[in-house]
Amino acid sequence: MTNTYKIHFTTYIFYLILILSGYINYLFYYLIIIIVHELGHIIMIHLLNLKIISLTIYPFGGIINTNINYNLNSNKLFLISIAGILFQTFLFWPLKNISNYDVFKTLNTSIIIFNLLPIIPSDGSKIFISFIERFISYKNTLILSNTISVISLIILFILSKNIFIFVILYFINAKTIRLFYYIINKFKLERYLYKHRYKKLVYVENENDLKKCRNNYIKYDNIYVEENKYFENKFGKTY
């Protein structure tokens, strides 16, 4: 189903801590939740005819690398992002008669809430992006998403005092912020190479104001030109 599957070394440390602390039942339920959660994403990705390249399991869940480009339709981004959480929610009913159900319920609820937080790379951050990118430029979407992610991470650490999760998420967020201009430029290049077409038009003052899921007309020499013509001058013609 995936070309590459791996478990991050921090996950082994997390599992070992649970075992040594006597929380084997937590580990068992945790594994069920993570498997079902990631299965939700995988099924939705395949239903949308997209391809999974790799899956990496972290202590807080999995990160799936796909062939999805940055111009993925906002509705599809939302469906993929919410699918894992929905699959987790379904677990409450078939497992309601198991022993230690309260333990499972608490753990599953906590992971659902965590996944809904707008902290990169959680599903909550992608759900947030899938909504705001409909109204503002993609560049401003990333700026807002990165800012809210960092603020939310700081608040999470203050409330939870969990240094282990904080450090992992800190480095992931730092890497994402460092890639900001790479992502912006890749977003623009993908629009030109794949000739995306949308129903709605929008007129923008410059290429930094590009909006996702819109046919952008960019101001160039005091006239508005279709974005593909604009990027022809920037990237050169494709054949």
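Helices (H or I, at least four residues) and strands (E, at least two) are DSSP runs, numbered from the N terminus. The model described here is predicted, and local features need pLDDT of at least 70, side-chain atom pairs count only at pLDDT 80 or more, and totals for chains, interfaces and linings use all residues. Residues are numbered from 1 along each chain as its sequence is written, and side-chain values use heavy atoms, with hydrogens and water left out.

Helix α3 covers residues 74-90, 17 residues in total, and spans 24 Å from its first C-alpha to its last, close to the 24 Å expected at 1.5 Å a residue. (The expected span is 1.5 Å times one less than the number of residues.) At Ala83, α3 bends by about 35 degrees, the bend being the angle between axes fitted to the seven residues ending there and the seven starting there. Ala83 is also buried, as are Ser74, Leu77, Ile80, Ser81, Ile82, Gly84, Ile85 and Gln88 of this helix. Buried denotes under 20% relative accessible area, exposed over 50%, and partly exposed in between (1.4 Å probe, protein chains only). The cover over the buried residues of α3 includes α2 (24-47), α4 (101-116) and α5 (123-132). At the start of α3, a side-chain oxygen of Asn73 comes to within 2.7 Å of the backbone nitrogen of Asn75.

The second largest pocket has a volume of about 650 Å³. It is lined by 20 residues, of which Phe14, Leu107, Ser110, Asn162 and Ile165 are the closest to its centre. Two or more lining residues are given by each of α1 (9-20), α2, α4, α6 (138-160) and α7 (163-178); the largest share, five residues, comes from α4. On a 1 Å grid over the protein atoms alone, a pocket is an open set of points where a 1.4 Å probe fits, with protein on both sides within 12 Å along at least five of seven lines, and lining residues have an atom within 4 Å of a point. Grid points are joined across faces, edges and corners, and a volume is the space filled by probe spheres set on the points.

Backbone geometry was examined in two loops. In the loop between α4 and α5 lies Pro121, and the peptide bond from Ile120 to Pro121 is cis, with omega near 10 degrees. The loop between β5 (215-220) and β6 (223-226) holds Asp221, whose phi is near 55 degrees, a positive value in a residue other than glycine. Asp221 is exposed, with a relative accessible area of 66%. Asn222 is placed in the loop between β5 and β6; its phi, near 65 degrees, is likewise positive in a residue other than glycine. With 68% relative accessibility, Asn222 counts as exposed.

Definitions and conventions: Contact means heavy atoms within 4.5 Å. A polar contact is a pair of N or O atoms within 3.5 Å; within protein, one must be able to donate a hydrogen and the other to accept it, and residues adjacent in sequence count only if both atoms are side-chain atoms.
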